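Open the model in your viewer and keep the selection tool at hand. The tour goes from the whole chain to single residues.

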Amino acid sequence: MNEELSTTSGGLRKRLDEAEVLLTVVQQLRKDLNEEEIPVPEVGEHAFEQIRSVVLQHMEEWQRKDPAAFSRAINRVDLSERQVDHAMLRGGLRELAGDMVLRCLLKVLLRKRFAGLG
C-alpha cells in the first residue's frame, strides 16, 4: 500500500462509483470502527466525502471522550504510525478520516482481486 495515500487523488476514490464496492466499503468501516450507524451514501462523486464526514464525526467524538476507541479504530483499519503522522500533517483529523476510508477501500479491492472478482 502506498505510504502516502492522498485523499485528494481521484483514482482510487473513483471505485466508490460502483454500488457493490461502496456497500462493501461501508460494511468494512462498520466492522473496523465498530460503528453500525455508518450510512451507505448514494453512489456518485460525493460518496467519498459523505463517508469521510461520518468517520470524522466518530473520530472527533472518540478523541474527546474515548481516546482508547480512537486508537483501536486506527489499529483495526490498519494504518501505520507513519501513515497517521503524514495524514495529520497534511490535513489533521479530516485527512486521517479520508485515509481510513481509502484503507478500507483498498481492503475491499484486494479481497475482490484475490477472489478473482476484480
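How much accessible surface does the protein chain have, and what share of it belongs to carbon and sulfur atoms? The accessible surface comes to about 6,700 Å², and 49% of that belongs to carbon and sulfur atoms. Keep in mind throughout that this is a predicted model.

**Whole chain.** Show the protein chain as a cartoon. There are five helices and zero strands, so the order from the N terminus on reads α-α-α-α-α. The chain has 118 residues, and 44% of them count as buried. Among contacts with a separation of 6 or more, 68% are between residues 24 or more positions apart.

**The core.** Next, select V25, L29, L33, V55, M59, L96 and M100. The largest nonpolar core has 34 residues, and these seven touch the most other members. Which elements give two or more residues to this core? They are α2, α3, α4 and α5. The most comes from α5, with twelve residues.

**V55.** Keep V55 selected and display what surrounds it. Leaving aside neighbours within four places in sequence, V55 is in contact with L29, L33, A97, M100 and V101. Of these partners, L29, L33 and M100 are also among the core residues that touch the most other members.

**Helix α4.** Now select residues 67-77, which form helix α4. Which residues of α4 are buried? They are A69, F70, A73, I74 and V77. These residues are on the same side of α4, because they cover an arc of only 140 degrees around the axis. Then move to D78, which follows α4 and has a positive phi, near 80 degrees.

**Q28.** For the last stop, go to helix α2 and select Q28. Is Q28 buried or exposed? Its relative accessibility is 7%, so Q28 counts as buried, the cut-off for buried being under 20%. Show the side chains around Q28 as well. Apart from neighbours within four places in sequence, Q28 is in contact with C104, K107, V108 and R111.

Key:
Residues are numbered from 1 along each chain as its sequence is written. This is a predicted model: local features need pLDDT of at least 70, side-chain atom pairs count only at pLDDT 80 or more; totals for chains, interfaces and linings use all residues. Side-chain values use heavy atoms; hydrogens and water are left out. Buried means under 20% relative accessible area, exposed over 50%, partly exposed in between (1.4 Å probe, protein chains only). Helices (H or I, at least four residues) and strands (E, at least two) are DSSP runs, numbered from the N terminus. The arc is that of the directions from the helix axis to the C-beta atoms. Contact means heavy atoms within 4.5 Å. Accessible areas come from the Shrake-Rupley method with a 1.4 Å probe; for residues, only the protein chains shown count as cover. A nonpolar core is a set of buried Ala, Val, Leu, Ile, Met, Phe, Trp, Tyr and Cys residues joined through side-chain atoms within 4.5 Å.
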